[in-house]
Amino acid sequence: MSLRRPSPDGIAPHEYNSKKKRKVAEIYQALNSDPIDVAALRRMAISEGGLLTDEIRCKVWPKLLNVKTDDLPPAPGQELREDNEDYQQVLLDVRRSLRRFPPGMPDEQREGLQEELIDIILQVLQRNPQLHYYQGYHDIVVTFLLVVGERLATALVEKLSTHHLRDFMDPTMDNTKHILNYLMPIIDQVNPELHDFMQSAEVGTIFALSWLITWFGHVLADFRHVVRLYDFFLACHPLMPIYFAAVIVLYREQEVLDCECDMASVHHLLSQIPQDLPYETLISRAGDLFVQFPPSELARKAAQQRAERTAASTFKDFELASAQQRPDTVLRQRIRDRLRVEERTKSILTKPRTNRFVKLAVMGLTVALGAAALAVVKSALEWAPKFELQIFP
């Protein structure tokens, strides 16, 4: 199934085809260089249009994940399904995955692919007992199956599961919930009004759970959009899907603010993801936000928000409030408060003010081959496990 993408609005077909041909040539140049230019392939995957066709993805996705295509896992035997504790749940999920296959596909072909899908999942879990299956995992695996076939998909999914998806495959959802906690700090940095509205509505972040753990494969109907996002995510830091989730919410700002400010209304709106999103624009903005608000900064904010909601933090407040009932403590606190107000006033009068929104001026810029794309690629290469050092000594 190849990607047949219409030319973007405002670009003549011949000009679009010319750009596409140049990009294809650049991709093959990077693939044929010695050593392979993985950084260039990452830039191509991030930039407008992504990797363009599934034929190219078959060649580039293994390079982005450093999977050797001449050393693929052996075909599974019949014993794979015997006494496997995950088999029944995987079988149920795969049987419910009809909508993930191309419309009009013959039943016999689809049923064959579903059997292959089950085998891929069980083989990855068998080879990596530290990984735990979760509902939604099959939505990611089926995308790789449809693009690259069973054998290569098994190798790619295994590498992906031990790296990008590792937090989702823990015995508990603690790490998944922690990643979801990054969503609101990103929104707060860009649009405090929207953030405060969502906080008042107490909507939380559960609406974005299926987006995150399936890399949007479960919620997007058009397969072209799914594989375009996979190009982007495979080339970037593993937290990029949460940045993309944030830009979707930010894009729908007015719809959210027009809602009733209650959990049910806002959750219902956000959980129904539009199918006509401007994907290239949102990919560009997600890249910009990653550069402006890197994961290290968001981790501190997410940890702070989480700590403020724990019983331990509220107990400290309780202890402090109790101690401050003593008269001598109250008097000392009044003096400290007065000094603090005086210092704050002096600071406001002498310190130049900055506008937090000034740095968002680059939001509309494309990450095609510019500074944002280079920064995103650099972060991906810095994050990448040590096996990348074989390519970049």
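**Ground rules.** I'm working with a predicted model, where local features need pLDDT of at least 70 and side-chain atom pairs count only at pLDDT 80 or more, while totals for chains, interfaces and linings use all residues. Residue numbers run from 1 along each chain as its sequence is written, and side-chain values use heavy atoms, with hydrogens and water left out.

**Salt bridges, the count.** I asked how many salt bridges the structure holds. The count came back as 13, where a salt bridge is a side-chain nitrogen of Lys or Arg within 4 Å of a carboxyl oxygen of Asp or Glu.

**Asp119 and Arg81.** I looked up this pair and found a salt bridge at 3.1 Å, N to O. My helices are DSSP runs (H or I, at least four residues; strands are E, at least two), numbered from the N terminus. Are the two partners buried or exposed? Asp119 is buried at 17% relative accessible area, and Arg81 is buried at 18%. For the cut-offs, I take buried as under 20% relative accessible area, exposed as over 50% and partly exposed as in between (1.4 Å probe, protein chains only).

**Arg166 and Asp170.** Here the closest N and O atoms of the salt bridge are 2.6 Å apart. Arg166 is partly exposed at 26%, whereas Asp170 counts as buried at 19%.

**Arg228 and Glu280.** I got 2.8 Å between the closest N and O atoms of this salt bridge. The pair links distant parts of the chain, with Arg228 in helix H12 (residues 223-234) and Glu280 in helix H16 (residues 279-292), 52 residues apart. Both Arg228 and Glu280 are buried.

**A network.** I also noted that salt bridges link Asp54, Arg57 and Asp231 in a network.

**Val227.** Next I checked Val227, which is in helix H12 and counts as buried at 2% relative accessibility. What does Val227 contact beyond its neighbours within four places in sequence? I found Arg57, Trp61, Thr143 and Val147, with contact meaning heavy atoms within 4.5 Å. I also logged Gly217, 10 residues from Val227 in sequence and 8.6 Å away, C-alpha to C-alpha.

**Helix H10.** Last, I listed the buried residues of H10 (residues 192-201): Pro192, Leu194, His195, Phe197, Met198 and Ala201. Glu202 follows H10 and has a positive phi, near 55°.
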